[in-house]
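Me: I would like to go through this structure step by step. Could you show it to me?

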Amino acid sequence: MSAVLENTANWDDPVSLITTDVIEAYRRDGVVFLPQAIHPDWLALIEQGINRILMSGSPLIQTFFKDLPGEFKDMVRHFDVTPEFQRLLYYSPIADMIQKLIDSENVWLLFDHVFVKEGGFCRKTPWHQDMPYWPVAGEQIASMWITLDPIPKEECLEFIPGSHRRTMYDGFSPADADDDVTIGFYGKDLPRLPDIEAEREKWDIVSFDITPGDVVLLHPGVLHGGGHTTEGHKRRTLSARLYGDDMVYAKRPDTRPTVPLTPGLHQALKPGDPLRSPYYPRLRPIPDVIDADWK
Ligand SMILES: O=C(O)CCC(=O)C(=O)O
């Protein structure tokens, strides 16, 4: 069972929320709910960043479920064109909290990932792990899943604690998800996803009621999905994907591009190389050049 930790907002020292219990629960379950971890000022900045991306007409906005009343927009890696996210990721406590959680001297941003569900009934996100989509391996990695809107448990993402320590499945294929959520993203080399939704009783599934400011710390190997939204409800989420020193480049099947599309990555690195790219900015320690310009 994943940890739900007693907590009250501690805006002066949010890093103290990453206790040894949290670290242990994260290693064991790969998912930890942390109540009131992000100050409303940072949430306002995230909202401005999401609005900027939505208004930009970015070619990286993918819209799913276009035939339904509600739409699902998925936006990968807008850091360079979103000053709100730059300010947030360099100067909010997010990187410090993850640095302590994964116990790494350095912390890099793999990418920012925004999800917006709104406009009426919007179906569940199919069950998946994030790890197969990303060309990475190692232990020191975490996403902070930050949702701006209050949502009941039934409309929150759902998670299967401990699944990051078991099989890494193929991803689901967004284009085929209407017909069969187990059709693979790559279609080779990795085992096909089980149909978790069809046999929910067999799985230990957790989810959380969300009040703005609450976050979920999520290991990208954890199976997660779900979270439809209904009429009058919306869910705007930033998932900040950060990693540390032990992460290396890893190959994925060659049938589809990996996420995020990273200029020159596959040419520059071979499997096992430390995961470094100008596309993955270092957040901790903050580079001197950023501090000198911004403070
Ligand atoms: O918000 C969603 O529906 C999907 C989120 C997700 O898959 C993630 O944060 O990795």
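**Strand pairing, core and loops**

Reply: Strand β1 (residues 31–34) is joined to strand β9 (residues 215–218) by 4 bridges, and the two run antiparallel. Strands pair if DSSP finds at least two bridges between them. Helices (H or I, at least four residues) and strands (E, at least two) are DSSP runs, numbered from the N terminus.

Me: What kind of model is this, and how are the residues numbered?
Reply: This is a predicted model, in which local features need pLDDT of at least 70, side-chain atom pairs count only at pLDDT 80 or more, and totals for chains, interfaces and linings use all residues. Residues are numbered from 1 along each chain as its sequence is written.

Me: Back to β1: which way do its residues point?
Reply: Val 31 and Phe 33 point one way, Val 32 and Leu 34 point the other way, and all are buried. A residue is buried if 20 or more other C-beta atoms lie within 10 Å of its own, exposed if 12 or fewer, and partly exposed in between, with C-beta atoms placed from the backbone. In a regular strand the side chains alternate between the two faces of the sheet.

Me: Which residue in β9 is the bridge partner of Val 32?
Reply: The partner is Leu 217. Leaving aside neighbours within four places in sequence, Leu 217 is in contact with residues including Val 32, Leu 34, Leu 101 and Met 144. Contact requires C-beta atoms, placed from the backbone, to lie within 7 Å.

Me: How many residues are in the largest nonpolar core?
Reply: That core has 74 residues, and Ile 98, Leu 217 and Leu 242 have the most contacts inside it. Its largest share, 7 residues, comes from strand β4 (residues 107–118). A nonpolar core is a set of buried Ala, Val, Leu, Ile, Met, Phe, Trp, Tyr and Cys residues joined through C-beta atoms within 7 Å.

Me: Why is helix α4 largely enclosed?
Reply: Helix α4 (residues 94–102) is largely enclosed by the rest of the structure because 7 of its 9 residues are buried. Among them are Ile 98 and Leu 101.

Me: What follows α4?
Reply: Asp 103 follows α4, with a positive phi near 55°. Asp 103 lies in the loop between α4 and β4, and Asp 103 is partly exposed because 14 other C-beta atoms are within 10 Å. Gln 36 also has a positive phi, near 45°, and is found in the loop between β1 and α2 (40–56).

Me: New topic: where is Val 259, and is it buried or exposed?
Reply: Val 259 sits in the loop between β12 (248–249) and α5 (265–268). Val 259 is buried, because 20 other C-beta atoms lie within 10 Å. Apart from neighbours within four places in sequence, Val 259 is in contact with Val 76, Tyr 133 and Trp 134.

Me: What joins Val 259 and Pro 260?
Reply: A cis peptide bond joins them, with omega about -5°. Another cis peptide bond, with omega about -15°, joins Arg 284 and Pro 285. Most residues other than glycine have a negative phi, and most peptide bonds are trans.

Me: And the whole chain: how many helices and strands are there?
Reply: The protein chain has 6 helices and 13 strands. Buried residues make up 44% of its 295 residues. Its C-alpha trace spans about 50 × 45 × 40 Å along the principal axes.

Methods
Contact = placed C-beta atoms within 7 Å.
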